[in-house]
Amino acid sequence: MEKVAVNYQRLISYVEEIKELNHSSASALVVIKDNEIVLEQYSGYHSNLVSSAPITEASKFNVASARKSYLGLAVAFALYEKKIKSIDDYAVDYFDEYDKALLANTTIRHLVTHSHGIHQKNDGTLFREFNAGKGWAYRGINVLMMTELINRLYGKSYPELLRERVFLPLDLYDTAWYTNPKKELVKVIDNPNKAATYSLGSTNDGSDSNLHTTAREFALWGNLHLNKGFLNGKQIVPKEVIRLATKVQSPNYKDKKTPLNGLFWYVQDTPSHKSEIGERVPKNSYQILGITGPTLLVIPKYNLVVAKMYNKRYNYGGDNYLHYLREFSNIVADTFN
């Protein structure tokens, strides 16, 4: 137990160190081991202003691109229920509003694994960056496309779908896409020399980056996946839906250093320096993160979920940011190995 306590402190200290180095005003850390919360750590304030409220378990952080894991589960539902017949269906069969020549051989698989090769200019014009399945690039157009598709297939927004099927059964009342300021929302720092601002959207249909949640509910979201959809004594989400979301779905890349994805989740297979997951993290672990600092890491081998939150735009490290993301996950793996 003494070794574990020391390693907890190392993890806490690392989270705090990066918070300070990156000029985040807030941090939160929640660890669930064997379905029990074994660590909760809250630090800092809701913004970089002197009068800001302190961070508590009720503080709701903007999770930015980590919202893709929520979209990923909605896509998994659509595949499981055959609203999308196959992950290898061509995108042109689902997107009449997009240029068919541009989509070419792009499949649903390509869209959910960042291997689609489509990019967007500042004026909104779409162009092909590389042939579908022949590379990997983190862009935003695929997220917008899949959001539009799921909302259309279900006749409701995917946030509403998840609220009905997952959030309410799990009592996740603090997870929502916010369009108006609330005192419990943590503001986001764009520039350390300027006041932080609310990161809200114009809609709650999932198309904006305005998903907020507490660190505890973020961790519970990961724990739902860890338990293959079974929590609180019942199967809330079918096991196959979770499997679809969290197993490797990427095409067979020629470059073996390319990151691998499930349905938007990063999935550990053979460790890669281009991945955000550290080399000491066990195979079949999976992770999602956002530009404002949230990280959700699930390590099935250790029956472990770790949720980390910040409120500073851009992860620490500049061009070398992946090193620090991998370092965090390696420290987590070392703690529980």
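α1 (2–21), β13 (304–310) and α9 (321–336) each bring at least two residues to the lining of the largest cavity; helices (H or I, at least four residues) and strands (E, at least two) are DSSP runs, numbered from the N terminus. Keep in mind that this is a predicted model, where local features need pLDDT of at least 70 and side-chain atom pairs count only at pLDDT 80 or more, while totals for chains, interfaces and linings use all residues. Residues are numbered from 1 along each chain as its sequence is written, and side-chain values use heavy atoms, leaving out hydrogens and water.

How many cavities of 30 Å³ or more are there? The count comes to one. A cavity is where a 1.4 Å probe fits on a 1 Å grid over the protein atoms alone but cannot get out, and lining residues have an atom within 4 Å of a point. The largest cavity holds about 130 Å³ of space. It has 13 lining residues, and the closest to its centre are Ile 18, Lys 308, Tyr 310, Asn 315 and Leu 325.

Which element gives the most to this lining? That's α9, with three residues. By class, the lining of the largest cavity has seven nonpolar, four polar and two charged residues. Here Ala, Val, Leu, Ile, Met, Phe, Trp, Tyr, Cys and Pro count as nonpolar, Asp, Glu, Lys and Arg as charged, and the others, Gly among them, as polar.

Now for the largest pocket, which has about 390 Å³ of space. A pocket is an open set of points with protein on both sides within 12 Å along at least five of seven lines. Of its 16 lining residues, Tyr 138, Leu 289, Asn 315, Tyr 321 and Leu 325 are the closest to the centre. Asn 315 and Leu 325 are also named among those closest to the centre of the largest cavity.

Helix α9 turns up again here: it supplies three residues, the largest share of the pocket lining. Sort the lining of the largest pocket by class and you get nine nonpolar, five polar and two charged residues.

## α2 and its two partners

Let's start with α2 (residues 68–80) and α8 (residues 239–246), whose axes come within 8 Å and cross at roughly 125°. Axes are lines fitted to C-alpha atoms, for helices over the stretch in contact, and angles run from 0 to 180 degrees between N-to-C directions. The pair is therefore oblique, the word for what is left after under 35 degrees (roughly parallel), over 145 (roughly antiparallel) and 65 to 115 (roughly perpendicular). Gly 72, Leu 73, Ala 76, Phe 77, Leu 79 and Tyr 80 of α2 touch Glu 240, Val 241, Ile 242, Leu 244 and Ala 245 of α8, where contact means heavy atoms within 4.5 Å. This contact has nine nonpolar, one polar and one charged residues.

With α5, helix α2 packs at about 45°, and the axes are 10 Å apart. These two are therefore oblique as well. On the α2 side, the contact uses Lys 68, Leu 71, Ala 74, Val 75, Phe 77 and Ala 78; on the α5 side, Val 143, Met 146, Thr 147, Ile 150 and Tyr 154. The contact of α2 with α5 splits into nine nonpolar, one polar and one charged residues.

## α5 meets α6

How do α5 (residues 141–154) and α6 (residues 158–167) cross? Their axes come within 9 Å, at roughly 60°. That makes α5 oblique to α6. Thr 147, Ile 150, Asn 151 and Tyr 154 of α5 meet Tyr 158, Leu 161 and Arg 165 of α6. In this contact, four residues are nonpolar, two polar and one charged.

Note on methods. Points joined across faces, edges and corners; volume = space filled by probe spheres on them.
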